[in-house]
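Work through the exercises below with the model open. Try each task before reading its solution.

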Amino acid sequence: MTQTVTTSKLSTKVPAKETLLTPRFYTTDFDEMASIDVSENFDEVEACLEEFRQDYNERHFIRDSEFAQSWSNLDTKTRSLFIEFLERSCTAEFSGFLLYKELSRSLKDRNPLLAEGFALMSRDEARHAGFLNKAMSDFNLILDLGFLTKSRTYTYFAPKFILYATYLSEKIGYWRYITIYRHLEHSPSSRIYPIFRFFESWCQDENRHGDFFAAVLKSQPQLLQGWESKLWCRFFLLSVFATMYLNDWQRAGFYQAIGLDPKKFDKYVIKKTNENSGKLFPIILDVDNPEFFTGLDKCADYNLELANLPKQNLSSIEYTIKKFYLTSLLVGNLLKLFLLPVIDTEKDWATAF
């Protein structure tokens with residue numbers, strides 16, 4: 001249920017409770033990030049920067065007349081699911097803006113090349129977040145982004161983890177946006193709100209951001225070679241895929257409202273992102289292994305049970321025991337998925353690592 005705190009015309013949306021699956025805010029070691037030398041792949045990094053400088057979407061995020069109507073025709077459940085989608089998307093984009101902006105400030109005098117890249121990506125993320133927050137105002141709600149900045153818990157990630165995770169989050173974001181856009185292009189009657197028309201150009205921002213992180217990673221061969229890099233690539237691939245799968249399974253109603261099968265949608269996005277990652281990472285997951293999606297299904301079911309626990313009439317000790325039991329099953333299945341054989345892209349996609 002949507003919680004609100006009433007202001008004048010709009011209501012400020014009370015931020016969703018933070019969990020392991022909510023979009024997170026990150027910080028890192030700015031000194032270590034400033035020391036990254038991209039000279040080994042300078043031309044590709046510079047080419048990415050030139051793409052950013054072109055600012056292809058400078059005039060893209062402008063609302064048109066289709067927004068100027070009432071959206072009260074949406075039923076209560078669909079409206080609630082769509083508001084949650086807008087909130088989560090806005091929070092994720094705003095989180096990226098904050099991280100990139102802080103990186104650009106910290107690196108400005110020490111690593112101008114990377115600082116410019118982060119500054120231009122923060123520009124894009126700010127546009128995305130602002131556009132999403134403006135969309136919420138069509139439902140008489142708004143996110144207090146200043147409050148989010150101060151109130152959210154910031155998770156520390158080492159620079160190399162930022163590079164791995166952000167590369168994947170940008171690339172999976174591309175495949176999510178473009179898949180939704182293409183589906184609604186062929187099924188316009190399912191496009192319940194005009195924001196989806198903007199996803200084609202929007203996802204290109206995500207793609208360019210992912211290319212920038214790929215270029216930086218290529219300049220650091222130690223992050224893409226050897227057994228340690230293979231373990232980290234495996235870990236972040238599984239983490240990003242599982243997080244999306246569990247989140248979407250919890251919110252299947254939203255995808256059904258726009259005519260998508262959430263499971264088919266996630267499988268397609270995961271396979272395409274995994275395939276994309278094979279151009280960069282030394283290993284990728286074997287998502288065609290029948291045990292992979294079977295294991296994710298089990299994880300999603302356990303996560304759904306965990307999410308519904310507070311609705312059950314349980315004593316505190318029963319709740320604690322059941323929560324521990326379900327969490328153990330979820331973690332155990334994630335571990336099994338982590339240990340599945342993977343595809344070694346350095347050996348013609350054939351040899352299991």
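**Exercise 1.** What distance separates the centres of domain 1 and domain 2, taken over C-alpha atoms?

Solution. This is a predicted model, where local features need pLDDT of at least 70, side-chain atom pairs count only at pLDDT 80 or more, and totals for chains, interfaces and linings use all residues. Residues are numbered from 1 along each chain as its sequence is written, and side-chain values use heavy atoms, with hydrogens and water left out. Start with the bounds, which come from an automatic or database domain assignment. Domain 1 covers 20-61 + 72-223, and domain 2 covers 227-352. Their centres lie 22 Å apart.

**Exercise 2.** Describe the interface of domain 1 and domain 2.

Solution. Take contacts (heavy atoms within 4.5 Å). Here 31 residues of domain 1 meet 33 residues of domain 2. Next, take buried area (accessible area, 1.4 Å probe, that two parts lose on being put together, summed over both). The two domains bury about 2800 Å², 74% of it on carbon and sulfur atoms.

Helix 3, helix 6 (159-186) and helix 7 (199-218) each supply at least two residues. Helix 6 gives the largest share, 15 residues.

**Exercise 3.** Check the span of helix 3.

Solution. The expected span is 1.5 Å times one less than the number of residues. Helix 3 (residues 76-107) has 32 residues, so it should span 46 Å. Its end C-alpha atoms are 46 Å apart, which agrees.

Conventions:
Helix = DSSP H or I, 4+ residues; strand = E, 2+ residues; numbered from the N terminus.
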